[in-house]
Amino acid sequence: MKKISLVIGFILFGALIWYLFIKPYDYLVTFKAKTFPGTINQTIKIWGNTLDGFESLEQEDLAHLNQKILFNDSVHVYNWKIDPINDSLSNVKVYIKDKDHSLRNKITIPFSDTDFEKRSRKTLLDFNNKLNEHLEKFKVTIVGEAELTPKYCAFVALKTSQFGKASGMMQNYSFLSTMMLKNEIPLDGTPFIEITNWDMAKDSINYNFCFPIKKMDSLPKILNIKYKEIKGTKALKAIYNGNYITSDRAWYALLDYANQNNISVINQPVEIFYNNPNMGGDELNWKAEIYMPLKD
């Protein structure tokens, strides 16, 4: 009996040491979000940059982010883990630690609802509200496998953040349309973009903003404008409705769909736009077709 008591005591002592000095977080918040991990990932980044105490954010991968937020005299570390449940639901866990008062939190949390816990819940409730507001502003519908038809185009090559993609398009829309009209180059469809490089870790992209045109024997040389043919290919297709600033949400939806269905894709989406953002209107009526090319 004495040996059993010693073993139990040793186990309890070990558990206490782990809890107070080894456990990597002070508090855990778990919630479900009605969307896929890519949207949550991007919303965390945009929301974090709006916080007065935002210090830094590092991304291990799409589903794991490390965020530091300054509250008064304390730096709180938020470790985010995002797990997809299905194509429209994710489980989110946020492991929170106060770098300067971790031991105090671990001692007091079991016995009272501390200010640290209240602040953590309030902060994540604010995030969840922002996420839900964002989800109401766009819609992604997966179509499945489709054919991306070939197109000849005039284009400008751009490099920007994912968030800055639409701004780059708007800055060059008038330029391209004016040059096509001035040089009497007939259009052959609606504008589109071709992603040539996507750095998911840095949220940066290289892309061609394209105006489809009729292929001609001779095309004028125009500064900053090039010509090329976009080859036809098999791809996964989605329909995006919403502001084109966040049309990359459909990229993540297609990647999730490909992963769930064991489909190999190339992370170089093509977006075809059917509305001119400069004309305004209800953004949920804006339409874009999003294609993620399949690997051979």
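1. Among the contacts in the chain between residues at least 6 apart in sequence, 71% join residues that are at least 24 apart. The model to which this figure belongs is a predicted one, and it contains six helices and 13 strands in its chain.

2. On overall dimensions, the chain has a radius of gyration of 25 Å, whereas a compact globule of 296 residues would have one near 19 Å. The C-alpha trace, taken along its principal axes, spans about 95 × 40 × 30 Å.

3. As for burial and surface, 45% of the 296 residues in the chain are buried.

4. The largest pocket holds about 360 Å³ of space, and its lining consists of 14 residues, among which Ile46, Lys130, His134, Lys137 and Thr246 lie nearest the centre of the pocket. At least two residues of this lining come from helix H2 (37-49), and at least two come from helix H4 (115-135). Sorted by class, the lining of the largest pocket comprises four nonpolar, five polar and five charged residues.

5. The second largest pocket has a volume of about 250 Å³, and of the 15 residues that line this second pocket, Lys34, Thr35, Phe36, Asp87 and Val140 are the closest to its centre. Helix H4, strand S6 (138-148) and helix H6 (249-260) each contribute at least two residues to the lining of the second largest pocket, with S6 providing the largest share, four residues. The class division for the second largest pocket is seven nonpolar, three polar and five charged residues.

6. Asn72, which is not a glycine, has a positive phi near 55°, and it sits in the loop between strand S3 (64-71) and strand S4 (74-86). With a relative accessible area of 67%, Asn72 is exposed, the cut-off for that class being over 50%.

7. Asp203 likewise has a positive phi, of about 55°, although it is not a glycine, and its place is in the loop between strand S8 (192-199) and strand S9 (204-212). Is Asp203 buried or exposed? Asp203 is buried, because its relative accessible area is 13% and buried means under 20%.

Technical notes. Residues are numbered from 1 along each chain as its sequence is written. This is a predicted model: local features need pLDDT of at least 70, side-chain atom pairs count only at pLDDT 80 or more; totals for chains, interfaces and linings use all residues. Side-chain values use heavy atoms; hydrogens and water are left out. On a 1 Å grid over the protein atoms alone, a cavity is a set of points where a 1.4 Å probe fits but cannot get out, and a pocket is an open set with protein on both sides within 12 Å along at least five of seven lines; lining residues have an atom within 4 Å of a point. Grid points are joined across faces, edges and corners, and a volume is the space filled by probe spheres set on the points. Ala, Val, Leu, Ile, Met, Phe, Trp, Tyr, Cys and Pro count as nonpolar, Asp, Glu, Lys and Arg as charged, and the others, Gly among them, as polar. The radius of gyration is taken over C-alpha atoms; the globule rule is 2.2 Å times the number of residues to the power 0.38. Buried means under 20% relative accessible area, exposed over 50%, partly exposed in between (1.4 Å probe, protein chains only). Contact means heavy atoms within 4.5 Å.
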